[in-house]
Amino acid sequence: MALTASPQAALRATVEYLASLYQQQRASFLTRYQVVMQIPSIGSVYLYALMETEPALCDALCSHLEAATNRNTIRFLVGIYMTALRVALEEWLEQEAQGDLVSLLRAYLDSFSSLSHNA
C-alpha cells in the first residue's frame, strides 16, 4: 500500500523519529562521541554508521511511496535529510547532549525548507 505523504514529509517524520531514539540513548551516544573525539582515526566509523542507514531508508521509502516517485530523487533527499540529522547530532553532542535534539533537527530542516522555497 503506497503512502500518500510526500517524500519530504515521510523523510522528515523518519529523521525526527531517529533523533528521538538518539536522544533516548543520550549517555551512550555522548560516550561514543567523546571516544571519537579522542581517537580521530575512528571518526570515519562514526560517520559511516550514520551513512549506512541511507540505502535501507531509501529502499523502504521507495517501496511505500507512490510508484511515480523517482528513486534517484529519493536517494538525494535521504542524503540531505540524513546530513541534517548528522549536523544536528554533532551540534547536540558538542553541547554534551544538552537540550532537545529533535527541536535542533527541526530547526535545521526548517532552514533547509525555507532555503529551497526561496531558490
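**Exercise 1.** Which helices are included in what covers the buried residues of H4? Work out, too, which residues of H4 are buried.

*Solution.* A word on the model before we start. This is a predicted model, in which local features need pLDDT of at least 70 and side-chain atom pairs count only at pLDDT 80 or more, while totals for chains, interfaces and linings use all residues. Residues are numbered from 1 along each chain as its sequence is written, and side-chain values use heavy atoms, with hydrogens and water left out.

Step 1: find H4, which spans residues 54–64. Helices here are DSSP runs (H or I, at least four residues; strands are E, at least two), numbered from the N terminus.

Step 2: pick out Leu-57, Cys-58 and Leu-61, which are buried. Buried means under 20% relative accessible area, exposed over 50%, and partly exposed in between (1.4 Å probe, protein chains only).

Step 3: check where they point. Their arc around the axis is only 100°, so they sit on the same side of H4. That arc is taken from the directions from the helix axis to the C-beta atoms.

Step 4: look at the cover, which includes helix H1 (7–24) and helix H5 (71–94).

**Exercise 2.** Describe the lining of the largest pocket.

*Solution.* On a 1 Å grid over the protein atoms alone, a pocket is an open set of points where a 1.4 Å probe fits, with protein on both sides within 12 Å along at least five of seven lines; lining residues have an atom within 4 Å of a point.

Step 1: list some of the lining, including Tyr-22, Phe-29, Arg-32, Tyr-46 and Leu-89. Helix H2 (26–38) and helix H3 (43–51) are the elements giving two or more residues to this lining, and H3 brings the largest share, four residues.

Step 2: sort by class. You get nine nonpolar, no polar and one charged residues. Ala, Val, Leu, Ile, Met, Phe, Trp, Tyr, Cys and Pro count as nonpolar, Asp, Glu, Lys and Arg as charged, and the others, Gly among them, as polar.

**Exercise 3.** Where does Ala-97 lie, and is it buried or exposed?

*Solution.* Step 1: go to the loop between H5 and H6, where Ala-97 is found. Glu-96 has its place in that loop too, and H6 covers 101–118.

Step 1: look at the backbone. Phi of Glu-96 is near 60°, a positive value in a residue other than glycine, and phi of Ala-97 is also near 60°.

Step 2: read the accessibility. Ala-97 is buried, with a relative accessible area of 4%.

Definitions and conventions. Contact means heavy atoms within 4.5 Å.
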